[in-house]
Amino acid sequence: MIELKEVSKSFQSTKALSGINLIIEQGERIALIGPSGSGKTTLLKLLNAQHIATDGSLKVNNIEVAKLSPKQLRIFRSDIAYIPQDLGLVPSLKVYQNVLLGKIGRFRTLSMLRKILLPSKAELTAVHEILERVGIPEKLYDTTSTLSGGQQQRVAVARALFQQPHTILADEPVSAVDPARAKSLIKLLDQISTENNLTVVMSIHNIHLAQQYFPRVVGLRQGILKIDSTDPTESELEPLFDLAHTEEIG
Ligand SMILES: Nc1ncnc2c1ncn2[C@@H]1O[C@H](COP(=O)(O)OP(=O)(O)OP(=O)(O)O)[C@@H](O)[C@H]1O
Ligand SMILES: [Mg+2]
């Protein structure tokens with residue numbers, strides 16, 4: 001369970017988030033919406049302790065994140081997968097190597113290097129199984145940069161799964177311009193979340209997709225939580241419309 005109480009985050013003079021109260025139960029799927037600059041990425045980065053709150057309390061499974069030592073923080077982060085807006089893949093590496101990098105937080109650097117350069121048969125089998133689940137097993141040995149954008153998204157999801165996290169945070173990967181691709185990513189995460197009781201929080205620019213595919217929608221505006229609803233109405237969503245990013249889905 002993730003619990004935020006009166007959480008605020010400032011960057012110098014910019015108040016990115018103010019007084020956020022939110023409880024997320026294990027296994028929930030949440031769409032995080034709001035106009036550009038409303039604080040979505042900041043909130044996701046707080047949830048895996050890439051940022052530390054300026055004020056308030058953030059507990060994950062009853063652990064107060066601000067009180068963790070650097071070593072505890074590393075362990076804490078290794079249980080939460082984060083898919084950044086740009087996917088964060090290394091384009092020149094093979095697909096299986098990018099997937100193996102999901103465990104980077106769990107091993108020492110040297111042992112991680114060994115795994116990536118000389119993976120064991122068991123490790124390769126495990127990666128292959130995960131690639132099967134995300135629908136691209138045939139890409140195991142391909143160079144990541146040769147994959148299509150949608151396939152690279154799947155590699156990023158595979159890497160997240162390989163991490164064996166309790167939570168996946170996804171900062172809507174570049175698909176603001178491609179609703180079809182966003183849709184297929186959402187469906188994949190939906191299936192994976194159901195199979196493994198994983199919590200999924202995904203920032204998404206397209207309000208229609210959020211409404212259609214997520215059981216719960218959380219909406220931010222100017223760093224303030226404006227909506228937290230399992231059935232948001234059009235009039236609630238209206239102020240969170242971001243015309244630059246929202247397209248109709250056919
Ligand atoms: N590292 C930082 N340093 C200074 N200001 C920041 C930093 N990160 C975010 N901000 C500011 O915090 C506010 C919220 O930014 P954030 O990136 O969370 O928005 P967002 O909702 O993810 O926007 P987008 O939809 O464009 O990705 C913005 O005003 C932004 O300029
Ligand atoms: Mg963002």
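Predicted model: local features only at pLDDT ≥ 70, side-chain atom pairs only at ≥ 80, totals over all residues.
**Entry 1: helix H5**

I began with H5, which runs over residues 121-133, and checked its length: at 1.5 Å a residue its 13 residues should span 18 Å, and I find the end C-alpha atoms 19 Å apart, which agrees. I then asked which residues of H5 are buried, and the list came out as Glu-123, Leu-124, Val-127, Ile-130 and Leu-131. Looking down the axis of H5, I see these buried residues fall within an arc of 125 degrees, so they line one face of the helix. I noted beside this that an α-helix has 3.6 residues a turn, so residues three or four places apart point the same way. On the face of H5 turned away from the buried side I found the exposed residues Lys-121 and Ala-122.

I next looked up what covers the buried residues of H5, and the cover includes helix H3 (95-100), helix H4 (109-117) and helix H6 (149-162). After H5 comes Gly-135, and I recorded its phi as positive, near 90 degrees.

**Entry 2: helix H6**

For H6 I repeated the length check: its 14 residues should span 20 Å at 1.5 Å a residue, and its end C-alpha atoms are 20 Å apart, which agrees.

**Entry 3: how H5 and H6 meet**

I looked up the geometry of this pair and found that H5 and H6 pack at an angle of about 130 degrees, with their axes 9 Å apart. The two helices are therefore oblique to each other, and I recorded their crossing as right-handed. The contact is made on the H5 side by Ala-126, Val-127, Ile-130, Leu-131 and Arg-133, and on the H6 side by Ala-158, Leu-161 and Phe-162.

**Entry 4: helix H7 and its packing on H6**

H7 covers residues 179-196, and I found that it packs with H6 at an angle of about 25 degrees, the axes lying 10 Å apart. That angle makes H6 roughly parallel to H7, and H6 passes H7 in a right-handed crossing. From H6 I listed Gly-149, Gly-150, Gln-153, Arg-154, Val-157 and Leu-161, which meet Arg-181, Ser-184, Leu-185, Leu-188, Leu-189 and Ile-192 in H7.

The length of H7 also checks out, because its 18 residues should span 26 Å at 1.5 Å a residue and its end C-alpha atoms are 26 Å apart. I wrote down its buried residues as Pro-179, Ala-182, Lys-183, Leu-185, Ile-186, Leu-188, Leu-189, Ile-192 and Ser-193. What covers them includes strand S3 (29-33), H5, H6, S7, strand S8 (199-203) and helix H8 (207-213). Just after H7, I found Asn-197 with a positive phi of about 50 degrees.

**Entry 5: residues in the loops**

I turned to Asn-62, which has a positive phi of about 70 degrees although it is not a glycine. Asn-62 sits in the loop between strand S4 (55-60) and strand S5 (63-64). Is Asn-62 buried or exposed? With a relative accessible area of 64%, Asn-62 is exposed.

Leu-87 is another residue other than glycine whose phi is positive, near 75 degrees, and I located Leu-87 in the loop between S6 and H3. Leu-87 counts as buried, at 7% relative accessibility.

My last stop was Lys-139, in the loop between H5 and H6. I noted that Lys-139 is buried, with a relative accessible area of 18%, a value that falls under the 20% cut-off. Leaving aside neighbours within four places in sequence, I find Lys-139 in contact with Val-95, Leu-147 and Gln-151. Lys-139 and Gln-151 are 12 residues apart along the chain, and I recorded 9.0 Å between their C-alpha atoms.

Key: Residues numbered from 1 in each chain as written. Chains lettered and ligands numbered in written order. Heavy atoms only, no water. Helix = DSSP H or I, 4+ residues; strand = E, 2+ residues; numbered from the N terminus. Expected span 1.5 Å × (residues − 1). Buried < 20%, exposed > 50% of the residue type's maximum accessible area, 1.4 Å probe, protein only. Arc of directions from axis to C-beta. Contact = heavy atoms within 4.5 Å. Axes fitted to C-alpha atoms, helices over the stretch in contact; angles between N-to-C directions. Parallel < 35°, antiparallel > 145°, perpendicular 65-115°, else oblique. Left-handed = near helix turned anticlockwise from the far one by under 90°.
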